Amino acid sequence: MAMASARAAGALARSALGGHGRFSANGRRSLSASAALLARTHVNYEVKDNVAVIRINDPTSKVNTLTRQLQDDMMEVLNEVWGNSAVKSAVIISTKPGCFIAGANLEMLKACKSAEEVSGLSKEGQMMFEKIEKSPIPFVAAVNGTCMGGGLEFAIACHYRVATKSKKTVMALPEVMLGLLPGAGGTQRMPKMLGLPTAFDVMLTGRSIRADKAKKMGLVHHVIDPLGPGVKDPEERLIDYLEEVAVGMAKGLANKTVTAEKKKGLMQKVQDAVLGIPLVRKQVYKTVTEKVMKQTKGLYPAPLNIIEAVQAGVEKGPAEGYHVESVNFGKLAMTPESRALIGLYQGQVACKKNNFGKPEREVKRLAILGAGLMGAGIAQVTVDKGVATILKDTAAEGLARGHDQVYKG
């Protein structure tokens with residue numbers, strides 16, 4: 001990619017040079033565009049059949065996170081896309097294996113010195129995603145791998161979502177487990193998309209959602225199966241296939257042959273009608289708050305702040321909802337509870353790292369004796385790594401339970 005960019009820059013520079021080595025006005029503009037291309041390190045794009053394919057890949061990390069650099073690159077690309085009359089729709093996709101966007105960059109949040117500074121980051125994210133949501137052209141989020149926190153907020157701001165059924169594809173709003181809340185519009189879009197009860201469940205538990213479940217919930221519109229072995233690496237082939245499907249959906253949205261609106265079933269229509277009654281919603285807020293207080297004993301402020309932000313948006317309108325969300329996000333980031341939970345999470349991540357280097361011999365097969373909770377758990381993570389696994393137990397019933405645990409993930 002870097003070599004291709006350099007060649008493109010060289011071609012533009014040569015075309016801008018006059019016969020005597022002087023620059024024309026057009027040449028200066030060409031070099032300016034070339035400089036912008038080289039300056040972007042986290043986001044790039046190309047236009048395929050009137051579809052802008054916007055690719056995300058943070059070269060400095062194993063995962064994509066929402067950093068200032070990524071957001072700056074993204075806004076620059078979005079403005080170019082919106083300024084191109086030939087582009088009729090767009091696709092957002094990550095070329096990072098096993099990761100769409102893992103959420104906001106925690107080091108960026110930890111570097112903030114005040115609640116107001118953190119709230120400012122929240123507002124920036126809100127504004128970028130709102131521009132995508134209100135875009136004159138439809139956007140398709142193509143999700144493969146980890147899609148957490150701000151990554152999921154990014155995806156639900158798009159008009160259509162396609163996800164792979166890879167084992168690595170999981171979606172969640174886990175901010176509550178870090179003492180935070182979804183700070184880029186998640187508390188406002190989730191209730192509209194899933195309804196109040198389900199939205200509260202997703203945000204207050206931080207639970208992970210697989211692609212199939214996400215489709216049933218209405219979180220994604222279309223899912224695709226991973227491809228089998230081929231000439232290319234399986235992950236690379238899957239990303240290419242996902243892009244191909246997403247581009248097709250984007251074309252369909254542009255020419256009206258694909259619709260992003262989902263038909264609601266009878267139960268959903270009844271739920272919407274019931275939740276349209278203010279007294280019912282008031283009872284929902286009361287019940288959810290009581291459950292939170294029972295489980296947390298009031299020691300964790302994040303869940304109550306999530307409820308407050310959702311309630312503000314539903315009852316007082318989106319402007320107030322986004323305001324409460326950003327203010328609460330800033331306040332929570334400065335709490336000792338959030339700092340401690342973030343430290344705990346980063347400690348867990350550090351413990352998972354391999355500090356022993358590569359093994360002398362590659363492990364191609366692993367046998368586990370005992371299919372209980374721990375044995376089945378070891379088998380599950382080993383299978384996910386692509387290692388052939390043998391699971392044994394003294395009783396057929398125990399082996400069946402272990403097999404089910406591995407299968408269900």
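**Overview. The whole chain in this predicted model.** The chain exposes about 22,300 Å², and carbon and sulfur atoms supply 58% of that area. Accessible areas here come from the Shrake-Rupley method with a 1.4 Å probe, and for residues only the protein chains shown count as cover. This is a predicted model, where local features need pLDDT of at least 70, side-chain atom pairs count only at pLDDT 80 or more, and totals for chains, interfaces and linings use all residues. Residues are numbered from 1 along each chain as its sequence is written, and side-chain values use heavy atoms, with hydrogens and water left out. Of the 409 residues, 44% count as buried. Buried means under 20% relative accessible area, exposed means over 50%, and partly exposed lies in between (1.4 Å probe, protein chains only). Among contacts with a separation of 6 or more, 70% link residues 24 or more positions apart; a contact means heavy atoms within 4.5 Å.

**View 1. The six-stranded open sheet.** Follow the strands in the order S1-S2-S3-S5-S7-S10, and you have traced an open sheet with mixed pairing. Strand S1 (43-48) and strand S10 (222-224) stand at the edges, each with a single partner strand, so one side of each is left without a neighbour in the sheet. Neighbouring strands of this sheet are turned by 20° against each other on average, direction ignored. Two strands pair if DSSP finds at least two bridges between them. S7 and S10 run parallel and are joined by three bridges. Look for alanine 163, whose bridge partner in S10 is valine 223.

**View 2. Serine 166 in its loop.** Serine 166 sits in the loop between strand S7 (160-164) and strand S8 (170-172). Is serine 166 buried or exposed? Serine 166 counts as buried because its relative accessibility is 12%. Its side chain reaches the backbone nitrogen of lysine 168 at 3.1 Å. Such a polar contact is a pair of N or O atoms within 3.5 Å; within protein, one must be able to donate a hydrogen and the other to accept it, and residues adjacent in sequence count only if both atoms are side-chain atoms. Leaving aside neighbours within four places in sequence, serine 166 is in contact with Asn144, Arg210, Pro226 and Leu238.

View 3. S6 and S8 pair in the parallel sense over three bridges, and methionine 148 has alanine 172 as its bridge partner in S8.

View 4. Glycine 149 lies in the loop between strand S6 (146-148) and helix H6 (150-157). It is buried, with a relative accessible area of 5%. Which residues does glycine 149 contact, leaving aside its neighbours within four places in sequence? They are Gly103, Ala172, Leu173, Pro174 and Glu175. Although glycine 149 and leucine 173 are 24 residues apart along the chain, their C-alpha atoms are separated by 4.5 Å.

**View 5. Phenylalanine 154 in helix H6.** Phenylalanine 154 is found in helix H6 and is buried, with a relative accessible area of 0%. Not counting residues up to four places away in sequence, phenylalanine 154 touches Ile56, Met74, Ile92, Ile101, Phe129 and Ile132.

View 6. Cysteine 158 is buried, with a relative accessible area of 4%, whereas cysteine 351 is exposed at 69%. The closest cysteine sulfur to that of cysteine 158 belongs to cysteine 147, 9.6 Å away, which is too far for a bond. With a disulfide taken as a pair of cysteine sulfur atoms within 2.5 Å, the count comes to zero.

Notes. Helix = DSSP H or I, 4+ residues; strand = E, 2+ residues; numbered from the N terminus. Axes fitted to C-alpha atoms, helices over the stretch in contact; angles between N-to-C directions.
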